[in-house]
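This briefing goes with the sequence and structure shown below. Please keep both in view while reading.

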Amino acid sequence: MSERQGQTGEVAASAEESTSRYGIVRWWQRFSDRHETVAQFIVFFILSNGVTVLQLILMPVLKAIFNGTSLVGISFRFWHMGTVGGKPYYLFDYASGAISNGGGGGLAYFLAVEITLLIAQIINFFLQRNITFKSNSSVWKAAFWYILAYIVITVIAAALQGWYKDPIYGFFQNTLNWGGVGTTVADLVTMIINSAISFWVFFPIFKVIFKQVSDEEKAED
């Protein structure tokens, strides 16, 4: 037997030994082949929860940073959509003043929320593209549709937040009388709701934009 054949045999034996050690890996590969969408959803769920944890850590940090600036005193109200309960309703409604003092958090709170979401979604984009869906299609096309989806989801989330933000903060701060702790808990609850909205909407979108294409299709692009 030649030296090259011997090396080939050693590599094959090593590969076989490696795969035999990790039965869970072999099982997952078989499961993924048979139930591709279910396997993708499981990975998507795990990664999304990891990104949510990142948001829960990042949000209080950014909020604390911005709360130390004059941005808290700057009201940010955009896109007047009508009147609810005799009060003007805005798509983005962050009245001036600290939330702990009955205000809406001002521009400081808006920036803390949006920057947190932006950082999380950028990380989520690459994780889901490379790990969950193992996409090899154009990253620029995927990024374009991802950004478009992100804008639409941000608008939807902001519209919904106008309904639940004040009741949540009022419940933890005033009803339970938790004060500053209530504000922190309310921050976490609102962030979890935002993350949940993104979670359920983004999976079908990812399924469409993160594709695996053949070399011929890539050449055509």
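The model is predicted. The protein has seven helices and two strands, and the order along the sequence is α-α-α-β-β-α-α-α-α. Of its 221 residues, 36% count as buried.

**Overall arrangement**

- Counting contacts between residues at least 6 apart in sequence, 64% join residues at least 24 apart.

**Helices H2 and H3**

- H2 covers residues 23-34, and its axis comes within 5 Å of the axis of H3.
- The two axes cross at roughly 120°, which makes H2 oblique to H3; the perpendicular class ends at 115 degrees and the antiparallel class begins over 145.
- On the H2 side, the contact is made by Trp28, Phe31, Ser32 and Arg34.
- On the H3 side, the residues that meet them are Glu36, Val38, Ala39, Ile42 and Val43.
- By class, the contact of H2 with H3 has six nonpolar, one polar and two charged residues.

**The salt bridge**

- The structure holds one salt bridge, formed by Lys207 and Glu36.
- The closest N and O atoms of Lys207 and Glu36 are 4.0 Å apart.
- The pair links distant parts of the chain, with Lys207 in helix H6 (residues 179-209) and Glu36 in helix H3 (residues 36-67), 171 residues apart.
- Lys207 has a relative accessibility of 31% and therefore counts as partly exposed.
- Glu36 is also partly exposed, because its relative accessible area is 44%, between the limits of 20% and 50%.
- Glu36 is also one of the H3 residues that meet H2.

**Helix H4 and the residue after it**

- Helix H4 runs over residues 106-132, and at 1.5 Å a residue its 27 residues should span 39 Å.
- Just after H4, Lys134 takes a positive phi of about 45°, although Lys134 is not a glycine.
- Lys134 lies in the loop between H4 and helix H5 (139-175).
- Lys134 counts as exposed, because its relative accessibility is 54%, over the 50% limit.

**The loop between H5 and H6**

- Asn177 lies in the loop between H5 and H6.
- Asn177 is a residue other than glycine with a positive phi, near 55°.
- The relative accessibility of Asn177 is 64%, so Asn177 counts as exposed.

- Gly106 is found in helix H4 and is buried, with a relative accessible area of 0%.
- Leaving aside neighbours within four places in sequence, Gly106 is in contact with Leu71, Val72, Ile74, Tyr94, Ala95, Ser96 and Gly97.
- Gly106 and Phe76 are 30 residues apart in sequence, and their C-alpha atoms are 5.8 Å apart in space.
- Asn124 also lies in helix H4 and is buried at a relative accessible area of 5%.
- Beyond its neighbours within four places in sequence, Asn124 is in contact with Ser48, Val51, Tyr146 and Phe206.

- Val43 is found in helix H3 and has a relative accessible area of 18%, so Val43 is buried; the cut-off for buried is under 20%.
- Not counting residues up to four places away in sequence, Val43 touches Trp28, Ile131 and Thr132.
- Val43 and Phe133 are 90 residues apart in sequence and 9.0 Å apart in space, C-alpha to C-alpha.
- Thr190 lies in helix H6 and is buried, with a relative accessible area of 2%.
- Not counting residues up to four places away in sequence, Thr190 touches Tyr109, Tyr164, Ile168 and Tyr169.

Terms used. Residues are numbered from 1 along each chain as its sequence is written. This is a predicted model: local features need pLDDT of at least 70, side-chain atom pairs count only at pLDDT 80 or more; totals for chains, interfaces and linings use all residues. Side-chain values use heavy atoms; hydrogens and water are left out. A salt bridge is a side-chain nitrogen of Lys or Arg within 4 Å of a carboxyl oxygen of Asp or Glu. Helices (H or I, at least four residues) and strands (E, at least two) are DSSP runs, numbered from the N terminus. Buried means under 20% relative accessible area, exposed over 50%, partly exposed in between (1.4 Å probe, protein chains only). Axes are lines fitted to C-alpha atoms, for helices over the stretch in contact, and angles run from 0 to 180 degrees between N-to-C directions. Angles under 35 degrees count as roughly parallel, over 145 as roughly antiparallel, 65 to 115 as roughly perpendicular and the rest as oblique. Contact means heavy atoms within 4.5 Å. Ala, Val, Leu, Ile, Met, Phe, Trp, Tyr, Cys and Pro count as nonpolar, Asp, Glu, Lys and Arg as charged, and the others, Gly among them, as polar. The expected span of a helix is 1.5 Å times one less than its number of residues.
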